[in-house]
Amino acid sequence: MSGVNANSLLIPKPRIRISSSPFGSKRLSFFSDGVLASSAAVANPSRSSEERVYEVVLKQAALVREPKRDVQRALDWEKTIQNEGITDGNLLSEAYARCGEVCAEYAKTFYLGTQLMTPERRRAVWAIYVWCRRTDELVDGPNASHITPKALERWEKRLTDLFEGRPYDMYDAALSDTVSKYPVDIQPFKDMIEGMRLDLRKSRYENFDELYLYCYYVAGTVGLMSVPVMGLAPESKASVESVYNAALALGLANQLTNILRDVGEDARRGRVYLPQDELAQAGLCDDDIFRGKVTDKWRFFMKGQIKRARRFFDEAEKGVAELSAASRWPVWASLMLYKQILDSIEANDYDNFTKRAYVGKAKKLLSLPIAFGRAMVGPSNLKDLVTR
């Protein structure tokens, strides 16, 4: 149960602190500031997932600080032309246009927000979104039952090819052009594929440390991919690392929200994306989830899970204002709408077994102008606006 979030982006530097689980047990962690690496990050399992992910954040931030690329790589269109049957016309414009069509169909609110961005940034964000969606569809789409580890290996090889200027189709071509223009690193893309591998072999998570890593793989990565394209506000005094951390936090918040919304749906597929140790602390087990009955124990458990997701959203909000002005609206709109899914779960009396929490069309429409207003506020003024 991955699910692509169009709005994963933002949070401040990690500070070591003792953070409590929803049930009061203490653990030392880089609370929600962490970030995880792919296979390289997993090499040292003695460290927490948050510490390992933070290494990836530092690497991405360092890339952004490097001098801007002066030379745009020429794309090798041979394979794309063969696969698409296209022989003339402006291939790159057509590639981006197709990405825009996909974004408009599957992420309407976010697509609307991207209209305020510069044309180049808008197209680049579409290209990233489409690649993430296609990757997610490998394990969550209609052909998911036929996907094997070998198929994911081929997809990763294809990713490497497009980063080297050899796109396989038009969607690949758009992303290949994007990564040649912006300091976008391949690591978060590889990490997302690693998340898909987890979905093929793992259906339980023993603790939040394990779940944190999964959430990074399938959603936190989106923020790390997007920050270089979104750009930072010229007047921002925040560190690059803090903005990447905020992007990570938003991705984690979105995925935790996905998990809480889809408990019943995932249970019907034999999957439980909830920390097993925290379920046990609440006096619950997998059988309780499969029975799908809302009890006082379940309500207590869910209150703790929702509280944690909201903490990640709160951290994420600190970074949105640091983005370039034209990039803020789609992020604010998506963040506000996704956060309201948690409100909907509460309104359903925590019945996420038989009821799917969602944000109605009227609430969505009301949220858009509020998000627009927040997007117009620069880094120095946002704190006062949010606390009013």
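A salt bridge is a side-chain nitrogen of Lys or Arg within 4 Å of a carboxyl oxygen of Asp or Glu. The model is predicted, so local features need pLDDT of at least 70, side-chain atom pairs count only at pLDDT 80 or more, and totals for chains, interfaces and linings use all residues. Residues are numbered from 1 along each chain as its sequence is written, and side-chain values use heavy atoms, with hydrogens and water left out.

**Exercise 1.** Determine which residue forms a salt bridge with Arg-204, and where the two partners lie.

*Solution.* Step 1: the partner is Asp-286, with the closest N and O atoms 2.6 Å apart. Step 2: Arg-204 lies in the loop between H8 and helix H9 (208-230), whereas Asp-286 lies in helix H13 (residues 286-291); helices are DSSP runs (H or I) of at least four residues, numbered from the N terminus. Step 3: the two residues are 82 residues apart, so the pair links distant parts of the chain.

**Exercise 2.** Classify Arg-204 and Asp-286 as buried, partly exposed or exposed.

*Solution.* Step 1: buried means under 20% relative accessible area, exposed over 50%, and partly exposed in between (1.4 Å probe, protein chains only). Step 2: Arg-204 has 23% and is therefore partly exposed. Step 3: Asp-286 has 14% and is therefore buried.

**Exercise 3.** Examine the salt bridge between Arg-356 and Asp-262 in the manner used above.

*Solution.* Step 1: the N to O distance is 2.9 Å. Step 2: the pair ties together parts that are 94 residues apart in sequence. Step 3: Arg-356, at 46%, is partly exposed, whereas Asp-262, at 5%, is buried.
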